[in-house]
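Please read this note with the structure open beside you, and look up each part of the chain as it is named.

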Amino acid sequence: MKQEEKHCPSSCSCSETPATFEHEHGEQSNAKLLIPIFISFILLILGLIADHTHVSLFTGWIRTFWYIITYIIVGYPVIKESVKLILKGDIFTEFSLMSIATLGALAIEEFPEAVAVMLFYSVGEFFQGLAVRRAQSNIKDLIDQRPDTVTIIKNGKEDIVKAEHVSIGSVIQLKAGEKLALDGILLSEKASFNTAALTGESKPDTKSKGETVLAGMININTLALVEVNTPYEDSKLSKILDLVQNANAQKAPTELFIRKFARYYTPAVVIAATTTCFLPYFFDPDYVFADWLYRALIFLVISCPCALVISIPLSYFAGIGAGSRNGILFKGGNYLDAMASVQHVVMDKTGTLTEGVFKVQQSIIQSGFEEKEVLQLVNALESKSTHPVATAIHEYAGMVDPKISIQNVEEISGHGLKGIINGKNILAGNVKLLEKYGITAKILPENEADTIIAIAIDQQFAGYISIADQLKEDALRTIDQLKILGVKTTLLSGDKDSVVQKVAQTLGVDDAFGNLLPEDKVEKVLQIIHTGQSVAFVGDGVNDAPVIAISDIGVAMGGLGSDAAIETADVVIQDDKPSKIPIAIHIGKKTKQIVWQNIMFTLTVKLVVMGLGAAGFASMWAAVFADVGVALLAILNAIRVRK
């Protein structure tokens, strides 16, 4: 990671989370890590064979020395860490439990058991390291997407400079296969990009001149020029990296509970083991210290809480990684839990369920007027406006004829445009514009769900153009999947109510409200929250930031979404696809399910074997399974979240 890494001995404390520590394992090859484990394992097997075949030389001090060397190879890092933590005042840790138990086993000459506990613990640590690195892989891949240098075109010459030194307005040359380091505007006519690092989608995304391209995108086939419009540290990718790297700082309630539980649980089991060893002296006339010490040592080995304290943070970290893999950023494990509990999803319309890009639906021209001529005149008038409606008309009508005369164009706020085109007085706007000039438009559709642009030529109503935003291709699927999950849906929008109701009806949304100001959206969401339902709000605009903030969990569209919405949100969908909402809920539910599976499984096995050990029915080998075996199974279960 591009941050200061924290290194630990090969047996890192379970109290560390997978996001904040990296085993020394991560710095070495698997072969180097396996060497001490392999040597210790071979020596242990040879020792057991010698014991069972009664080799004459394998007795006395030779046998003792053999097993102690075998023990030290895998046990030294654990004992060293235990001493280090005890000197810092942290007495009751997994390291102290393992050290006390195995040194005690050596003291009563249970040499193979002592070695086996440390050996299998080291194996467990090795697989834990692999699991952590696997869970980190998606995030590391994301971080690696940011190149350090870029090629700048200045005065017709190429110059390679550090990405963080590039200023706004600079032009980057991006060759095929190169990654974009900063956000910008595409200057080339067209270019296709691999956006998998940002969105989780492998399908190429083709951009046209003037469209926004983001850091982390990979140019696929043609040479492209990009004008930088955002500083390096403020790019979408930089913000995403900050969010991901800080995500594990936000602990889920279950994770916090387990940490508190382990803090009291560990000293409690040490006291219980001590009691198991000495209390029977007062009640058992045949008390044998070595037998009861052995039972107490078994109790200590079984009681190690590492299966819980490792696997649960790992589960949440794997959940965050699974989200990143799907283009969904959870800002912390607590938001995975919150997403799993969502009962009601409230959504903005424009930019969330719709593309946020207007398109002409149809043009209805009055008899007595030629449609082609009317569209040319209106297109020429609208060419003097930057409004999305003007853009939609321009795309529909095509290029403006350069021979057309355009004069005295005036934009009338809240109404539309007027001007003289080819000597004719043209009005194009809403009905109020025509009424302002005393023109009656009698055939406009009532309760039309599209935006209507009424047209008048030389004081005569000439017809109208209907314009509408387009639903996203996965909008309908999103609502269907939310219904399958049993989640209620509500649509809130500042657009006119007839448009909102049409969208809601088309998609099958449960409730819909239009003509809302930002404060109205807040009020509607608060009303839902007061019913006791857990609410997620999904939006993309600056005006959505307040309602994102007051929701139980706020979700922002990270592609086209405003910085305010992204900063305020708890979850960010990088590719603006609403279908990622049910996926996010599913990941949250699966993570929570696996966390509780691990808790119940681990505690059940440990309590059963602890009871058997105290009663004398379980050996040190059973203790090894109850500790290391359960931890391995819990870790393997945790990384299933990535799937």
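The numbered points below describe a predicted model.

1. The whole chain. The protein chain holds 20 helices and 24 strands, and of its 643 residues 52% are buried. If we take the contacts between residues at least 6 apart in sequence, 66% of them join residues at least 24 apart. The accessible surface of the protein chain is about 29,000 Å², and carbon and sulfur atoms account for 57% of that surface.

2. Helix H3. This helix covers residues 94-107, and at 1.5 Å a residue its 14 residues should span 20 Å, which agrees with the 20 Å between its end C-alpha atoms. Eleven of the 14 residues are buried, so H3 is largely enclosed by the rest of the structure. The buried residues of H3 are Glu94, Phe95, Ser96, Leu97, Met98, Ser99, Ala101, Thr102, Gly104, Ala105 and Leu106. After H3 comes Glu109, a residue with a positive phi, near 65°.

3. Met118 and its surroundings. Met118 belongs to helix H4, which runs over residues 111-143, and with a relative accessible area of 0% Met118 is buried. When its neighbours within four places in sequence are left aside, Met118 is in contact with Tyr71, Val74, Gly75, Val78, Ile79, Met98, Ser99 and Thr102. Among these partners, Met98, Ser99 and Thr102 are also listed with the buried residues of H3. Tyr71 is 47 residues away from Met118 along the chain, yet the C-alpha atoms of Met118 and Tyr71 are separated by 7.1 Å.

4. Helices H19 and H20. Two packed helices are described by the angle between their axes and the distance between the axes. For H19 (residues 580-614) and H20 (residues 620-638) the angle is about 175° and the axes are 10 Å apart. Because angles over 145 degrees count as roughly antiparallel, H19 and H20 are roughly antiparallel to each other. On the H19 side the contact is made by Ile594, Gln597, Asn598, Phe601, Thr602, Val605, Lys606 and Val609, while H20 brings Ala622, Phe625, Ala626, Asp627, Val630, Leu633, Ala634, Asn637 and Ala638. Sorted by kind, the residues of this contact are eleven nonpolar, four polar and two charged.

5. Helices H10 and H19. H19 also meets H10 (residues 333-340), and the axes of H10 and H19 come within 7 Å and cross at roughly 105°. An angle of 65 to 115 degrees counts as roughly perpendicular, and H10 and H19 are therefore roughly perpendicular to each other. From H10, Leu336, Asp337, Met339 and Ala340 take part, and they meet Ile581, Ala584, Ile585, Ile587, Gly588, Lys589, Thr591 and Lys592 in H19. The residues of the contact of H10 with H19 comprise seven nonpolar, two polar and three charged.

6. Apart from neighbours within four places in sequence, Lys207 is in contact with Leu186, Glu189, Lys190, Ala191, Phe193, Thr212, Val213 and Met217.

7. Val409, a nonpolar residue in a strand. Val409 sits in strand E15, residues 406-412, and is partly exposed, with a relative accessible area of 31%. Not counting residues up to four places away in sequence, Val409 touches Leu381, Lys384, Lys418 and Gly419. The C-alpha atoms of Val409 and Ser383, which are 26 residues apart along the chain, are separated by 9.9 Å.

8. Two asparagines in loops. Asn155 has a phi near 55°, a positive value in a residue other than glycine, and Asn155 is placed in the loop between strand E3 (149-154) and strand E4 (157-162). With a relative accessibility of 73%, Asn155 counts as exposed. Asn422, which is not a glycine either, has a positive phi of about 50°, and Asn422 lies in the loop between strand E16 (416-421) and strand E17 (424-429). The relative accessible area of Asn422 is 42%, and Asn422 is thus partly exposed.

Terms used. Residues are numbered from 1 along each chain as its sequence is written. This is a predicted model: local features need pLDDT of at least 70, side-chain atom pairs count only at pLDDT 80 or more; totals for chains, interfaces and linings use all residues. Side-chain values use heavy atoms; hydrogens and water are left out. Helices (H or I, at least four residues) and strands (E, at least two) are DSSP runs, numbered from the N terminus. The expected span of a helix is 1.5 Å times one less than its number of residues. Buried means under 20% relative accessible area, exposed over 50%, partly exposed in between (1.4 Å probe, protein chains only). Axes are lines fitted to C-alpha atoms, for helices over the stretch in contact, and angles run from 0 to 180 degrees between N-to-C directions. Angles under 35 degrees count as roughly parallel, over 145 as roughly antiparallel, 65 to 115 as roughly perpendicular and the rest as oblique. Contact means heavy atoms within 4.5 Å. Ala, Val, Leu, Ile, Met, Phe, Trp, Tyr, Cys and Pro count as nonpolar, Asp, Glu, Lys and Arg as charged, and the others, Gly among them, as polar. Accessible areas come from the Shrake-Rupley method with a 1.4 Å probe; for residues, only the protein chains shown count as cover.
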